[in-house]
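Here is a short briefing on a structure. Look it over first, then read the points below.

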Amino acid sequence: MTAVALVFAGLAALLHGYIWVMESLTWTSPRTRATFGTSQAEAEATKELAFNQGFYNLFLALVTAGGIIAFAADDDRVGATLVFTGAGSMVAAGLVLLLSSPDKARAALTQLAFPAVAVVLLAIALA
């Protein structure tokens with residue numbers, strides 16, 4: 001069960017790495033604007049905010065990846081701490097988006113699905 005949890009944690013880290021790319025590197029591109037439903041003017045006006053927010057996603061991905069690496073190195077305590085911290089924060093951020101902007105439910109559920117599965121499965125595996 002731990003291995004399956006770590007696969008979902010890895011998927012969550014990859015997704016949040018991709019979100020970092022979109023928010024921090026390609027925010028004003030037509031494809032990213034279409035993904036987030038922003039106009040050129042909105043993207044330009046929010047570019048600095050998106051850049052910063054993207055790095056939050058990157059850091060959560062790196063923490064989660066560090067937890068996976070720690071598990072691979074047989075340090076389950078550090079691994080669990082990092083996966084629960086990174087993936088749990090991804091779930092919390094997704095819930096904030098869902099509750100504050102119900103019209104963005106699809107994005108929120110996309111953001112929190114993989115890490116939620118990882119957290120639940122890891123909790124079960126370690127119980």
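Which residues does Ser24 touch, not counting residues up to four places away in sequence? Ser24 touches Ala50, Phe51, Gly54 and Phe55, where contact means heavy atoms within 4.5 Å. This is a predicted model: local features need pLDDT of at least 70, side-chain atom pairs count only at pLDDT 80 or more, and totals for chains, interfaces and linings use all residues. Residues are numbered from 1 along each chain as its sequence is written, and side-chain values use heavy atoms, leaving out hydrogens and water.

**Ser24**
- Ser24 lies in helix 1; helices are DSSP runs of H or I with at least four residues, numbered from the N terminus.
- Ser24 counts as buried because its relative accessibility is 11%; buried means under 20% relative accessible area, with a 1.4 Å probe and protein chains only.
- The Ser24 side chain reaches the backbone oxygen of Phe51 at 2.8 Å.

**Nonpolar core**
- Ten residues form the largest nonpolar core: Ala5, Leu6, Ala9, Phe71, Ala80, Val83, Ala87, Ala118, Leu121 and Leu122.
- Helix 1, helix 5 (76–100) and helix 6 (105–126) each give two or more residues to this core.
- Such a core joins buried Ala, Val, Leu, Ile, Met, Phe, Trp, Tyr and Cys residues through side-chain atoms within 4.5 Å.
- Val83 touches Leu6, Ala9, Thr64, Gly67, Ile68, Phe71, Gly88 and Leu122, not counting residues up to four places away in sequence.

**Nonpolar surface patch**
- Val7, Leu11, Leu14 and Phe114 make a nonpolar surface patch of about 350 Å².
- Patch residues have over 30% relative accessible area and no salt bridge, with nonpolar side chains joined within 5 Å.
- A salt bridge puts a side-chain nitrogen of Lys or Arg within 4 Å of a carboxyl oxygen of Asp or Glu.
- Helix 1 (residues 2–25) gives the largest share of the patch, three residues.

Definitions and conventions:
Patch = residues over 30% accessible without salt bridge, like charges linked within 9 Å, V, L, I, M, F, W, Y side chains within 5 Å. Areas by Shrake-Rupley, 256 points an atom, 1.4 Å probe, with all protein chains shown as cover. Buried < 20%, exposed > 50% of the residue type's maximum accessible area, 1.4 Å probe, protein only. Polar contact = N/O pair within 3.5 Å; in protein donor to acceptor, adjacent residues only side chain to side chain.
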